[in-house]
Amino acid sequence: MIEKAAEYIKSKISGEYRIGIILGSGLGSLGEKIENPHYVNYCDIPGFPVSTAPGHAGRFVFGTLNGKNVMCMQGRVHLYEGYPVESVVMPIRVMRLMGVKTLIVTNAAGGINESFNVGDIMLITDHINFTGRNCLMGKNDGNFGVRFPDMSFAYSPDLGEVALKCADELGMKLQKGVYIGCTGPSYETPAEIRAFRVMGADTVGMSTVQEVIAANHCGMKVLGFSLVSNKAAGLSGERLTEEEVLLIGKQKSAEMQNLIIKITGEL
Ligand code: HPA
């Protein structure tokens, strides 16, 4: 199924794509900055999962960003939509078959670290997979990677350095920290957030961890960013809403875009 999907895309798109980008909730507008864009809608790709989540366009954009060929996902699917974990990571494997070697992942996330403010961008240095699943369970496909992949450098330290340098040159402050991935769709309870803080998490969200496991499995280097769209449950005294998450994404997407555009030029 993965091969069929890649073959379909190759029949529509020519060129080599070594950089893949996944745009999270409310962050899809980077897709509009891609030059000479070609679109492939997920719903036209055989066997490809289509997102029902708000703020996700549901297509690949192929083109150039800062002089580099990129293959960009405007929208992704999540475990909370009811998709099996293999579907959540299918796009990563399709990207691999398209030649992607470097993956940039973005997400909107709740800020657990009390020194983080809404609107901050965090370089993800590591993650905690709290979804209770692992996309590599079941028979291993040795064409993609080994049975027991190492996750010691799941988020490439080298790419992290590039990101910090680019942020510095743009005069942007980047937070650094650990992302914890949950299934959702309910937001966390305040007690869960307190527990996650003790575990060492700085942001919390409902995506990313399975994609990053699959990307590491198939030998990609990963760079990840969380946009802090809200303070995590119990930290602000307010209720959490999806509208707030999408709004902050819109407001801060220009900054995230500038950073990713600059980084792409350095890859
Ligand atoms: N929790 C989980 N996922 C999220 C949050 C949150 O607070 N904000 C944005 N995505």
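A residue counts as buried when its relative accessible area is under 20%, as exposed when it is over 50%, and as partly exposed in between. The model discussed here is predicted.

The residues around the ligand include Ala-108, Gly-110, Glu-188, Met-206 and Asn-230, and the shell divides into seven nonpolar residues, four polar and one charged. Strands β5 (102-111), β8 (203-205) and β9 (221-231) each supply at least two residues of this shell, and β5 gives the most, with three. A polar side-chain atom of Asn-230 lies 2.7 Å from a nitrogen atom of the ligand, while polar backbone atoms of Ala-108 and of Gly-110 are each found 3.3 Å from a ligand nitrogen atom. The protein covers 95% of the 260 Å² of accessible area that the ligand has on its own.

| Pair | N to O distance |
|---|---|
| Glu-211 and Arg-76 | 2.8 Å |
| Lys-221 and Asp-158 | 3.6 Å |
| Glu-255 and Lys-252 | 2.8 Å |

Glu-211 in helix α5 and Arg-76 in the loop between β4 and α2 are 135 residues apart; Glu-211 is buried at 3% relative accessibility, and Arg-76 is buried at 2%. Lys-221 in strand β9 and Asp-158 in helix α3 are 63 residues apart, and because its relative accessible area is 39%, Lys-221 is partly exposed, as is Asp-158 at 48%. Glu-255 and Lys-252, by contrast, are three residues apart in helix α6, and therefore separated by about one helical turn.

Key. Residues numbered from 1 in each chain as written. Predicted model: local features only at pLDDT ≥ 70, side-chain atom pairs only at ≥ 80, totals over all residues. Heavy atoms only, no water. Near = heavy atom within 4 Å. Polar contact = N/O pair within 3.5 Å; in protein donor to acceptor, adjacent residues only side chain to side chain. Areas by Shrake-Rupley, 256 points an atom, 1.4 Å probe, with all protein chains shown as cover. Helix = DSSP H or I, 4+ residues; strand = E, 2+ residues; numbered from the N terminus. Nonpolar A, V, L, I, M, F, W, Y, C, P; charged D, E, K, R; others polar. Salt bridge = Lys/Arg side-chain N within 4 Å of Asp/Glu carboxyl O. Buried < 20%, exposed > 50% of the residue type's maximum accessible area, 1.4 Å probe, protein only.
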